[in-house]
Amino acid sequence: MDPGLLLSLDFPARTATELTFVVANSLKTQLFPECCHHPTTRLAFFQNQKWRTNKRSYQTHHFFTSFPTLTSPRNPLVRATATATTATNMVKAIRVHELGGPEVLKWEDVEIGEPGEGEIRIKNKAIGLNFIDVYFRKGVYTASEMPFIPELGMEAVGEVIAIGPGLTGRKIGDIVAYAGNPMGSYAEEQILPANKVVSVPESISPVIAASVMLKGMTTQFLLRRCFKVEPGHTILVHAAAGGVGSLLCQWANALGATVIGTVSTREKAAQAKEDGCQHIILYQEEDFVARVNEITSCKGVDVVYDSVGKDTFQGSLACLKTRGYMVSFGQSSGVPDPVPLSALAPKSLFLTRPSMLHYNQTRDELLGAAGELFAILASGVVRVRVNHTYPLSQAAQAHADIESRKTTGSVVLIP
């Protein structure tokens, strides 16, 4: 190799953290022995006359912002440079560098690039806060990488401000919403796959839409597809005054079901009654299993919707009638203890731990769920309570409040 060779390359990079520089493969161990395992910028190698990126090893950050002369005993003048061809912008977002309590939520600057093929960039107007965000923050569920950049938050409503090349069906200024993957809604702006968003009707405000997308589509699949609630059914809803609980009670009541709800306070009991609960149990003062048996004349309920988990799981199973459905869709009190299959046998019970993502895997399923949700909101049958809003920068306080059950209804973060 010519000892004075300059490797100067141009290539696209959506963010500075994706910036890749290139050196000769034959020199990699000579030039970078001390930085082969650094967890940031990727290093690519020239090998067999073809450029390729090695994503698994030989990584470095030493030349992240500048590329000084690289030297080695054999090639004292070898130099490498790299440039990015795509502009980036800085926005504010919540990042998580370690698992833990609300204090791990950090308000930081992050880079955001331009949308690629099939993508849009949106400026968020309102962001829904859900208990699943707490699960990811604490490590109950595992995020794809650390830090979350800014991979926290699973629903938002925003305005389309940029469209990827060749994309049709979207225009600048559209108001769109999404719920589920990809994570990352705790940010002023984000890039999303266009096929994951839905248009928000003009009659629904961004705050209302953001408060109800994930919770509303969760309610839709729980009531209409996981177990199809029909007139004459009796259902038990735990945390009946919570974000999903409130929607479950209203929607199930409209479907003609008898709704039993558990709540922690008399204030929440009043809300649950307003939402259509015919029977309300204050679980801190009453044995909810005994009360359900009393209400149903010991027949049990057709289905239990349990988002509490550890504290209610065994009691929920006891409340079911023969061939009843136990739908465990959350664990705010902790992960339930393991249940042997033999525990289901005495009443031939069904047990499921469903995810909204599995019920909205296709574009048609997503549009169907969102369409039914928007229709029932427009009818006035289901009302959304946005009882709490916080600046996005105060997400840590919002998490603390929702974990301590100080909130009712929906919580929305405003960028």
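Guide: Start with burial: a residue is buried under 20% relative accessible area, exposed over 50%, and partly exposed in between (1.4 Å probe, protein chains only). This is a predicted model, in which local features need pLDDT of at least 70, side-chain atom pairs count only at pLDDT 80 or more, and totals for chains, interfaces and linings use all residues. Residues are numbered from 1 along each chain as its sequence is written, and side-chain values use heavy atoms, with hydrogens and water left out.

Visitor: Which residues of helix H5 are buried?

Guide: Helices (H or I, at least four residues) and strands (E, at least two) are DSSP runs, numbered from the N terminus. H5 covers residues 266-274, and its buried residues are Lys 268, Ala 269, Gln 271 and Ala 272.

Visitor: Why do they line one face of the helix?

Guide: An α-helix has 3.6 residues a turn, so residues three or four places apart point the same way. In H5, the buried residues fall within an arc of 160° seen down the axis, so they line one face. The arc is taken from the directions from the helix axis to the C-beta atoms. Arg 266, Glu 267, Lys 273 and Glu 274 are exposed on the other side of H5.

Visitor: What do the buried residues of H5 pack against?

Guide: Contact means heavy atoms within 4.5 Å. The partners are helix H4 (243-254) and strands E14 (258-263), E15 (279-282) and E19 (386-391). After H5 comes Gly 276, with a positive phi near 110°.

Visitor: Where is Pro 206 placed, and what is it in contact with beyond its neighbours within four places in sequence?

Guide: Pro 206 belongs to helix H3 (residues 206-226). Its relative accessibility is 29%, so Pro 206 counts as partly exposed. Neighbours within four places aside, Pro 206 is in contact with Lys 125, Ala 126 and Val 157.

Visitor: And where is Lys 228?

Guide: Lys 228 sits in the loop between H3 and strand E13 (234-237). Lys 228 counts as partly exposed because its relative accessibility is 46%. With the same exclusion of neighbours within four places, Lys 228 is in contact with Leu 223 and His 233.

Visitor: How many residues has the largest nonpolar core?

Guide: A nonpolar core is a set of buried Ala, Val, Leu, Ile, Met, Phe, Trp, Tyr and Cys residues joined through side-chain atoms within 4.5 Å. The largest has 80 residues, and Tyr 186, Met 217, Ile 235, Tyr 305 and Leu 413 have the most contacts inside it. H3 gives the most to this core, ten residues. Another core, of 15 residues, lies apart from it and includes Val 304, Cys 319, Leu 320 and Leu 349.
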